[in-house]
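Let's take a friendly walk through this structure, from the sheet to the metal site. Keep the model open beside the text as you read.

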Amino acid sequence: MKQLQSVSILGSTGSIGVNTLSVIAQNSDRYRVFALTANSNVKQLEKQCREYLPDYAVMYDTTAAKQLASELSDTNITVLSGIQGLEYIASHDETDCVMAAIVGGIGLAPTFAAVKAGKRVLLANKEALVMAGHLFMDSVRQHNAMLLPIDSEHNAMFQCLPVNQKAQFSNDSGNGFSKIVLTGSGGPFLDTGKEMLASVTPDQACAHPNWEMGRKISVDSATMVNKALELIEACFLFGLDESLIEIIIHPQSIIHSMVYYRDGSVLAQMGNPDMRTPISYGLAWPNRISVGVEELDLAAISSLDFLRPDLERFPCLRLGRKVAATGDSAPIIFNAANEIAVAAFLAGNLRFDQIPAIIDGTLQKQAVCGVSTLEEVLEEDRKARKLASGLL
Ligand code: NAD
Ligand code: MG
C-alpha cells in the first residue's frame, strides 16, 4: 500500500491554504493533513479541523487558541499557539511536507524551521524568501530540504527548467540558459491614469482581474510591489543576477513565466490562472495529479497580449530592481516598509499613491548592512517597520 504523505499547512484559512485543502481533498489516497494553522479565525479553523481531522491545530493568537481548544474538546486534536506552536508542527517528525502560506514576514520563522528540519517545503510565503534569501537557500542545501516554489511564476520557471536542476541553476552551469521572463498581469490599475491612483479605495485595489487572493498580496499586485518581490524571489531561488530577469506585462495571466535559451528556444508554462496547478505540482513533483482545474481553451481566449511595464505609474518596480541589485539588508527594508504601508492603506490611513513614497523614504533612511543570522534579519525588519511607521 502507498504511504500517505503528511502535510502541515501554515496559513490554512487563507486563499492558498484553502486551495491546498481542495487539492488534498481530491487526492486523499496520497495526502493527509497533519496540522492546520491560522492567525485568529477560530470559526474557520474549527470548521477545517472537523473536516480534515488533523493531529494538531495552531492559532498564532493565544486567546483564539484557548477558544479553539475548548471548541474542539470533543476531538483528539491538540491545539497549540504562538510562533513556537507553528515551529513545532512545521518541524515535527511526522510532517513530510509543509505548505508555507502565511502572509508576510511573520511566516519567516516557522518556514525556516521546516527548512532546518529538512522537509519538503512548498513556498507561497514569498516575503520569507525576500527577507532571508541567502540564509534560506544555504539552509535548504545544508539540511537537505526540498524547496518547491508555489508562486505561479516561479512554479512556471521551475517547470521550464531541466528536471535535474531542481530549484537551483546558474548562468554558468552549461545548460544553455540565457534569461528569464517574469510575467505579470499588471493588476487592476494597468490602465488607470496616474491622477486617478490618488483616490482608489482598498476594495478597488483588491479587485484583481484574474486571481482571487488575500488582501495584502492583492494590494501588492495593484502597486506592482508583488512583481518586485517576485523578481527578488527569483534571484534567490535560482541563484541569478537581477539583470537576467526581465519583467513583462501579460494581462490575460495565461503564460505564467518563460525561460529563454541560447539557441533561441523559449519555454513557457501556460494554464488557466488557478493556484491549484502550482500547489498540486509542488505536492506531487515530479509527478502530476488531477485537481479539477478547467482545461485551457486557447481558441476561446483567442489572443495573448504583452507589453513593457510603465515605471512612471508603477515606481515600485524600479525600486524593487534597485533593491535586488543592492542585496544585503535592502530587500528586508523594502518588504517591511511595504507591509507597513499596505496595512495603513487597507486601514484607510494612507492613500494608494503614497505607498511608493513610504517604501522609498524607509530605504533612504535605513542603512543597508550584511545579515548572517535569522536574528539579524528580524532585527533589520523591526527597525524598518519602525521607520516606515514613523513616515506615515
Ligand atoms: P491570505 O491573507 O488569504 O491568508 C493568509 C494566511 O496567513 C491566513 O491563513 C492567516 O490566518 C495566516 N496568518 C496571517 N497572519 C498570521 C500570523 N500572525 N500568524 C499565523 N498565521 C497568520 O493570503 P494568501 O493570498 O493566501 O497569501 C499567502 C501567501 O502566499 C502570501 O505570502 C502571498 O504573497 C503568497 N501567494 C499567494 C497567492 C494567491 O493566489 N493567493 C499567489 C502567490 C503567492
Ligand atoms: Mg505570483
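## Helices packed on the sheet

Helix H2 lies across strands S2 and S3 and runs at about 165 degrees to S2. Contact here means heavy atoms within 4.5 Å, and axes are lines fitted to C-alpha atoms, for helices over the stretch in contact, with angles running from 0 to 180 degrees between N-to-C directions. Helices (H or I, at least four residues) and strands (E, at least two) are DSSP runs, numbered from the N terminus. Helix H5 (residues 108–116) lies across strand S1 (5–10), S5 and S6, and its angle to S6 is about 150 degrees.

A word on the basis of all this: the model is predicted, with pLDDT of at least 70 needed for local features and 80 or more for side-chain atom pairs, while totals for chains, interfaces and linings use all residues. Residues are numbered from 1 along each chain as its sequence is written, chains are lettered from A and ligands numbered from 1 in the order in which they are written, and side-chain values use heavy atoms, leaving out hydrogens and water.

## The parallel sheet

How many strands form the open sheet, and in what order? There are seven, arranged S4-S3-S2-S1-S5-S6-S7, with parallel pairing; two strands pair if DSSP finds at least two bridges between them. S4 and S7 are the edge strands, each pairing on one side only. On average, neighbouring strands of this sheet are turned by 20 degrees against each other, direction ignored.

Strand S2 (residues 31–38) runs parallel to S3 and is joined to it by four bridges, with Leu36 having Ala57 as its bridge partner in S3. From S2 the chain crosses through helix H2 (residues 42–52) to S3 in a right-handed β-α-β crossover. Right-handed means that, with the strands pointing away from the viewer, the path from the first strand over the helix to the second runs clockwise.

S3 also pairs in the parallel sense with strand S4 (residues 78–81), again over four bridges, and Tyr56 stands opposite Thr78 in S4. The chain passes from S3 through helix H3 (residues 62–71) to S4, and this β-α-β crossover is right-handed. Elsewhere in the sheet, strand S5 (residues 97–100) and strand S6 (residues 120–123) are parallel partners over four bridges, and Met99 stands opposite Leu122 in S6.

## The magnesium site

Which residues are the protein donors of the magnesium ion (ligand 2)? They are Asp151 (OD), Glu153 (OE) and Glu230 (OE), lying 2.1 to 2.2 Å from the ion. Donors are N, O and S atoms within 2.8 Å of the metal (3.2 Å for Na, K and Ca); water is not among the atoms, so sites may look incomplete. Along the chain, the donors follow the spacing D-x1-E-x76-E. Asp151 lies in the loop between strand S7 (146–149) and helix H7 (152–160) and Glu230 in helix H10 (residues 225–238), so the pair ties together parts that are 79 residues apart in sequence. Both Asp151 and Glu230 are buried.

## Salt bridges

A salt bridge is counted when a side-chain nitrogen of Lys or Arg is within 4 Å of a carboxyl oxygen of Asp or Glu, and the count comes to 23. Asp151 forms one with Lys126, their closest N and O atoms being 2.8 Å apart. Lys126 is in helix H6 (residues 126–142) and Asp151 in the loop between S7 and H7, so this pair ties together parts that are 25 residues apart in sequence. Glu230 meets Lys227 with closest N and O atoms 2.5 Å apart; these two are three residues apart in helix H10, about one helical turn. Lys227 is buried, at 6% relative accessible area. Lys126, Asp151, Glu153, Lys227 and Glu230 are linked in a network of salt bridges.

Away from these residues, the side chains of Arg308 and Glu246 meet in a salt bridge (3.5 Å, N to O). Arg308 sits in the loop between helix H12 (298–301) and helix H13 (315–326) and Glu246 in strand S9 (residues 245–249), 62 residues apart. Arg308 counts as exposed at 65% relative accessibility, whereas Glu246 is partly exposed at 23%.

Conventions
Buried < 20%, exposed > 50% of the residue type's maximum accessible area, 1.4 Å probe, protein only.
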